[in-house]
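Please read this report with the model open beside you, and look up each residue as it is mentioned.

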Amino acid sequence: MRMRRMKNLVPRMEKCADYRVEDPKSLKGNWRSLKPNAQALWVEVGCGKGKFTAETAEANPNVLLIAVERCREAMVVAMEKAQSMGLKNVFYIDMDVENIEEIFAGQEIDRLFINFPDPWPRKKNAKRRLTHRGFLNKYCRVVRTGGEFQFKTDNAPLFEFSVEEF
């Protein structure tokens, strides 16, 4: 997903500050402190503009949902959506999922979502795909035993690649 630079990004981020986790490393192993009565911790990597994130958080008020997005312009749109819906169980992190093990402890996540990621179609970019075994190994370390992965794509070559990797 390509987004244009926003001239008003910083003020928009500040308006949604309650939804953004400034220092995610400080919560490693203690994410449930954000919603102590949460029944589960779900993480979406690459949340984009947050449609799925907001709908999932609204439909599952007893779940703590953490959305990871490296594009701040997309993330601010997602945070504004959550704020307009009055959601209290979703938080956002602006970082590359490459560093997921730095912010989540082993076996901490109950469910991980990967929805319509960038397919990185060129063979030389395969390691950038969110379903590459390098990423999958990291996810396996932070998702609890018996936890779930949910992957969606409409890109046939990415799907075939991902099936091989899984």
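## Rings and charges

The charged end of arginine 129 is placed over the ring of phenylalanine 161, at 4.5 Å from the centre of that ring. Please keep in mind throughout that this is a predicted model.

Are they buried or exposed? Phenylalanine 135 counts as buried because its relative accessibility is 6%, which is under the 20% limit for that word. Tyrosine 139 is buried as well, with a relative accessible area of 0%.

Tyrosine 139 also pairs with phenylalanine 149, and this pair is tilted, with 6.3 Å from centre to centre and 45° between the planes. Here the pair links distant parts of the chain, since tyrosine 139 is in helix 5 while phenylalanine 149 is in strand 5 (residues 143-152), 10 residues apart. Phenylalanine 149 is partly exposed, having a relative accessible area of 33%.

| Pair | Centre to centre | Angle between planes | Arrangement |
|---|---|---|---|
| Tyrosine 139 and phenylalanine 149 | 6.3 Å | 45° | tilted |

Elsewhere in the model, ring pairs link Trp42, Phe52 and Phe113 into a cluster.

## The largest pocket

How many residues line the largest pocket, and which of them lie nearest its centre? The lining is made up of 29 residues, and those nearest the centre are Gly46, Glu69, Pro117, Asp118 and Leu130. The volume of this largest pocket is about 730 Å³. Strand 1 (40-45), helix 2 (51-59) and strand 2 (63-69) each contribute at least two residues to the lining. Sorted by class, the lining of the largest pocket holds 13 nonpolar, four polar and 12 charged residues.

## A buried serine

Serine 162 is part of helix 6 (residues 156-165). With a relative accessible area of 1%, serine 162 is buried. When residues up to four places away in sequence are not counted, serine 162 touches Thr131 and Phe151.

## Two residues with a positive phi

Glutamine 107 has a positive phi of about 65° although it is not a glycine. This glutamine 107 is found in the loop between helix 4 (100-103) and strand 4 (109-115), and it is partly exposed, with a relative accessible area of 41%. Phenylalanine 116, which is not a glycine either, has a positive phi of about 50°. Its place is in the loop between strand 4 and helix 5, and at 49% relative accessibility phenylalanine 116 counts as partly exposed.

## Sequence and space

Leaving aside neighbours within four places in sequence, arginine 12 is in contact with Met6, Val76, Val77 and Glu80.

Alanine 17 sits in the loop between helix 1 and strand 1 and is partly exposed, at 40% relative accessibility. Alanine 17 and proline 36 are 19 residues apart in sequence, with 20 Å between them in space, C-alpha to C-alpha.

Leucine 27 also lies in the loop between helix 1 and strand 1. Why does leucine 27 count as buried? Leucine 27 counts as buried because its relative accessible area is 13%, and buried means under 20%. Leaving aside neighbours within four places in sequence, its contacts are Val21, Ser33, Leu34, Ile103 and Glu108. Leucine 27 and lysine 152, by comparison, are 125 residues apart in sequence and 28 Å apart in space, C-alpha to C-alpha.

Terms used:
Residues are numbered from 1 along each chain as its sequence is written. This is a predicted model: local features need pLDDT of at least 70, side-chain atom pairs count only at pLDDT 80 or more; totals for chains, interfaces and linings use all residues. Side-chain values use heavy atoms; hydrogens and water are left out. On a 1 Å grid over the protein atoms alone, a cavity is a set of points where a 1.4 Å probe fits but cannot get out, and a pocket is an open set with protein on both sides within 12 Å along at least five of seven lines; lining residues have an atom within 4 Å of a point. Grid points are joined across faces, edges and corners, and a volume is the space filled by probe spheres set on the points. Helices (H or I, at least four residues) and strands (E, at least two) are DSSP runs, numbered from the N terminus. Ala, Val, Leu, Ile, Met, Phe, Trp, Tyr, Cys and Pro count as nonpolar, Asp, Glu, Lys and Arg as charged, and the others, Gly among them, as polar. Buried means under 20% relative accessible area, exposed over 50%, partly exposed in between (1.4 Å probe, protein chains only). Contact means heavy atoms within 4.5 Å. Rings of Phe, Tyr and Trp (its six-membered ring) pair if their centres lie within 6.5 Å; planes under 30 degrees apart count as stacked, over 60 as edge-to-face and the rest as tilted. A charge sits over a ring if NZ of Lys or CZ of Arg is within 6 Å of the ring centre and within 35 degrees of the ring normal.
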